[in-house]
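This report covers a surface patch, a nonpolar core and selected side chains. The sequence and model come first.

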Amino acid sequence: MNTVFHRLRGPVIRTLVLKDWQLFEKQLAAYVGAGLMALALMGLAKSWSFYLGSLLLIIVMVAASCFAVSTALINERKEKTLALVMSLPVTPFDFYLAKLVGNLITFGVPFTVLTAGAVAVVLWTPLPDGLLTLVLLLAGHLLLAFCVSLAVAMRVESEGWNIFAMVGSSVLINPLLMALGQIPAIASHWSGPEVVWSWQAVAILAGQLGLSLALLVHTGWQHLRKPAFY
């Protein structure tokens, strides 16, 4: 019986992941389309188009992050679809793994496409190549904000706290920009023709990636120990 159960778990997990992707692929295509329009504005290398495009790009990526978490987790709780999942041959950790992979794909595809697009725009248009550090530090913050929102949504049932986590982590973009602008070793190279990675920039990016991974691992460890889904 246990052997049959273990054989069923893999296909069920893949089915749950595929279900999330198929449900949201059209919306994700719309986010990518809006992001590409923002990148086109940035690529014009005019002051007005750069600021308008970069603002639109940040809004699109934040919206994609909130969409991934809210639709795949928060809305499912509100619609009481967990009862169906509990009837499947999956453990609480299997459910966490399916939601983790599903959310990482749902957010990761537009995030990766648009981040790569932003890197290409900076390097292959008249924009200063020195902006690359800013682009990647902002991308690191958006990834961290997504992981914070996902970790909270996986552990906390309160819709209010989930919204607070999503909004709170996103609005910290402005303080981050202000803080980065106060670090001469980072900000002084943004308008330059070369990409310069100071130890401060490397440390901040490494911290963002490390915290993102730590949040996912900690949440997974908590679900591994849980006897119930929530």
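## Basis

This is a predicted model, in which local features need pLDDT of at least 70, side-chain atom pairs count only at pLDDT 80 or more, and totals for chains, interfaces and linings use all residues. Residues are numbered from 1 along each chain as its sequence is written, and side-chain values use heavy atoms, with hydrogens and water left out.

Ile105 lies in helix H4. Helices are DSSP runs of H or I with at least four residues, numbered from the N terminus. Ile105 is partly exposed, at a relative accessible area of 33%. Buried means under 20% relative accessible area, exposed over 50%, and partly exposed in between (1.4 Å probe, protein chains only).

Ile105 belongs to a nonpolar surface patch with Leu36, Leu97, Val101, Val109 and Val113. Together they have about 400 Å² of accessible area. Helix H4 (residues 92-124) gives the largest share, five residues. Patch members have over 30% relative accessible area and no salt bridge; nonpolar side chains (Val, Leu, Ile, Met, Phe, Trp, Tyr) are joined within 5 Å. A salt bridge is a side-chain nitrogen of Lys or Arg within 4 Å of a carboxyl oxygen of Asp or Glu. Areas come from the Shrake-Rupley method with a 1.4 Å probe; for residues, only the protein chains shown count as cover.

## The nonpolar core

The largest nonpolar core has 42 residues. Such a core is a set of buried Ala, Val, Leu, Ile, Met, Phe, Trp, Tyr and Cys residues joined through side-chain atoms within 4.5 Å. Leu39, Leu57, Leu131, Phe146, Leu150 and Leu180 touch the most other members. At least two residues each come from helices H1 (2-43), H2 (47-78), H4, H5 (132-155), H7 (173-181) and H9 (199-224). H5 gives the most, with 12 residues.

Beyond four places in sequence, Leu131 touches Phe50, Val122 and Trp190. Contact means heavy atoms within 4.5 Å.

His141 lies in helix H5. His141 is buried, at 10% relative accessible area. Outside four places in sequence, its contacts are Ser169, Ser170, Leu172, Ile173, Leu176 and Gln208.

Cys147 is also found in helix H5. Cys147 is buried, with a relative accessible area of 2%. Leaving out neighbours within four places, Cys147 touches Ser212, Leu215 and Leu216. Cys147 and Leu100 sit 47 residues apart in sequence and 9.9 Å apart in space, C-alpha to C-alpha.

## Cysteines

Cys66 is partly exposed, with a relative accessible area of 24%. A disulfide is a pair of cysteine sulfur atoms within 2.5 Å. By this rule the count is zero.

Conventions. Patches are made of residues with over 30% relative accessible area and no salt bridge: like charges are joined within 9 Å, nonpolar side chains (Val, Leu, Ile, Met, Phe, Trp, Tyr) within 5 Å.
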